[in-house]
Amino acid sequence: MTTTPLAGRTTAVAARATELSKVYGQGETQVVALDRVSVDFRQAEFTAIMGPSGSGKSTLMHCVAGLDTFSSGSVRIGETELGSLKDKQLTKLRRDKIGFIFQAFNLLPTLTALENITLPMDIAGRKADKAWLDTVIKMIGLADRLGHRPSQLSGGQQQRVAVARALASRPDIIFGDEPTGNLDSRSGAEVLGFLRNSVRELGQTVVMVTHDPVAAAYADRVVFLADGRIVDEVYEPTADSVLDRMRNLPGGNPQTPEFDGKGRTS
Ligand SMILES: Nc1ncnc2c1ncn2[C@@H]1O[C@H](COP(=O)(O)OP(=O)(O)OP(=O)(O)O)[C@@H](O)[C@H]1O
Ligand SMILES: [Mg+2]
């Protein structure tokens, strides 16, 4: 385990949050979901975000991905400050530069796997790069399933389609909120392997929220949140080193019900 960025990796920043705060509600019901968070997500790096339930993981991801507004601070994707964009420009940036993988796949049931994969590009009126698409489909191992509809695919295969869809347009950065949260451990391991390969072999940038130390160990780096703040960071994580850090987080004892319900620790 090291505490410095991996040697030899590019230091170009794919996304950056600076002093980012997000406050929900007002007065007595006010919740500070993010409290002056500063973090870089470097190009071709796989980052996992961990922390207890309610620590602000999804909020951080949604704010950095331009899916939610923030109260103060700034976010940039590449060289673009999100705060400087009008709604239309933000929608365009999300469409062109960012890929999403959600826990509930979000596949359209009436479309085939291939149609689901190319849907975002079809909507944007962009042609898929055929060679790239073939590379992604091959890597995800879906070549013989492309004509199937989601209902004809297993949960793991559906999530692989969702990963392929996120990769297909070569976004600058891919965000996943517990992308393997509802998969069995074997399918989860496959999807995580593809995400890691997309970083190692294709230079993709990936940011993933997870409760699972085993899933986090696929990443190059784990960032820990507690009470809306970044409280720790590990490079080259192992499941053990991640568990160890989690035990020391405020409110982050893995024996608490939040972790029993959602984490897969074996
Ligand atoms: N729309 C909202 N309105 C009010 N409070 C919210 C809203 N969304 C989130 N919060 C609060 O902000 C805090 C951070 O929530 P967030 O969803 O980011 O947590 P999380 O770390 O993703 O948790 P989990 O692991 O349970 O998904 C929590 O206290 C939550 O209750
Ligand atoms: Mg969440």
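Predicted model: local features only at pLDDT ≥ 70, side-chain atom pairs only at ≥ 80, totals over all residues.
Let me begin with two helices: α3 and α5 pack at an angle of about 30 degrees, with their axes 8 Å apart. Two packed helices are described by the angle between their axes and the distance between the axes. The axes here are lines fitted to C-alpha atoms, for helices over the stretch in contact, and angles run from 0 to 180 degrees between N-to-C directions. Helices (H or I, at least four residues) and strands (E, at least two) are DSSP runs, numbered from the N terminus.

Residues are numbered from 1 along each chain as its sequence is written, chains are lettered from A and ligands numbered from 1 in the order in which they are written, and side-chain values use heavy atoms, with hydrogens and water left out.

Back to the helix pair. The crossing of α3 and α5 is right-handed, a term used when the near helix is turned clockwise from the far one by less than a right angle. On the α3 side the contact is made by Ala113, Asn116, Ile117, Pro120 and Met121, and on the α5 side by Val161, Ala164, Arg165 and Ala168, where contact means heavy atoms within 4.5 Å. By class, this contact has seven nonpolar, one polar and one charged residues. For these classes, Ala, Val, Leu, Ile, Met, Phe, Trp, Tyr, Cys and Pro count as nonpolar, Asp, Glu, Lys and Arg as charged, and the others, Gly among them, as polar.

Staying with α3, Leu119 lies in this helix; Leu119 and Arg165 are 46 residues apart in sequence, yet their C-alpha atoms are 7.8 Å apart in space. Leaving out residues up to four places away in sequence, Leu119 touches Leu108 and Leu111.

Which residues are the closest to the centre of the largest pocket? The largest pocket has a volume of about 460 Å³, and of the 19 residues that line it, Arg95, Ile98, Phe100, Pro120 and Arg165 are the closest to its centre. A pocket, on a 1 Å grid over the protein atoms alone, is an open set of points where a 1.4 Å probe fits, with protein on both sides within 12 Å along at least five of seven lines, and lining residues have an atom within 4 Å of a point. Grid points are joined across faces, edges and corners, and the volume is the space filled by probe spheres set on the points. The elements that give two or more residues to this lining are α2 (87-97), β6 (98-101), α3 (113-124) and α5 (155-168), and α3 gives the most, with six residues. By class, the lining has eleven nonpolar, four polar and four charged residues.

Let me turn to the sheets. An open sheet of six strands has the order β6-β7-β8-β3-β9-β10, with mixed pairing; two strands pair if DSSP finds at least two bridges between them. Here β6 and β10 (229-235) stand at the edges, each with a single partner strand, so one side of each is left without a neighbour in the sheet. Strand β9 (residues 221-226) pairs with β10 in the antiparallel sense over six bridges, and in β10 the bridge partner of Phe224 is Asp232. The hairpin of β9 and β10 has two residues between the strands, and in this hairpin Asp227 takes a positive phi near 50 degrees. As for α5, this helix lies across β6 and β7 (173-177), running at about 175 degrees to β6.

The other sheet is open too: its four strands come in the order β2-β1-β4-β5, and the pairing is antiparallel. Strand β1 (residues 13-24) and strand β2 (residues 31-42) pair over eight bridges, with Val23 opposite Val32 in β2. These two strands form a hairpin with six residues between them, and Gly25 in the turn has a positive phi of about 70 degrees. On to β4 (residues 72-77), which pairs with β1 over five bridges, while two bridges join β4 to β5. Finally, helix α1 (residues 57-64) lies across β1, β2 and β4, running at about 120 degrees to β1.
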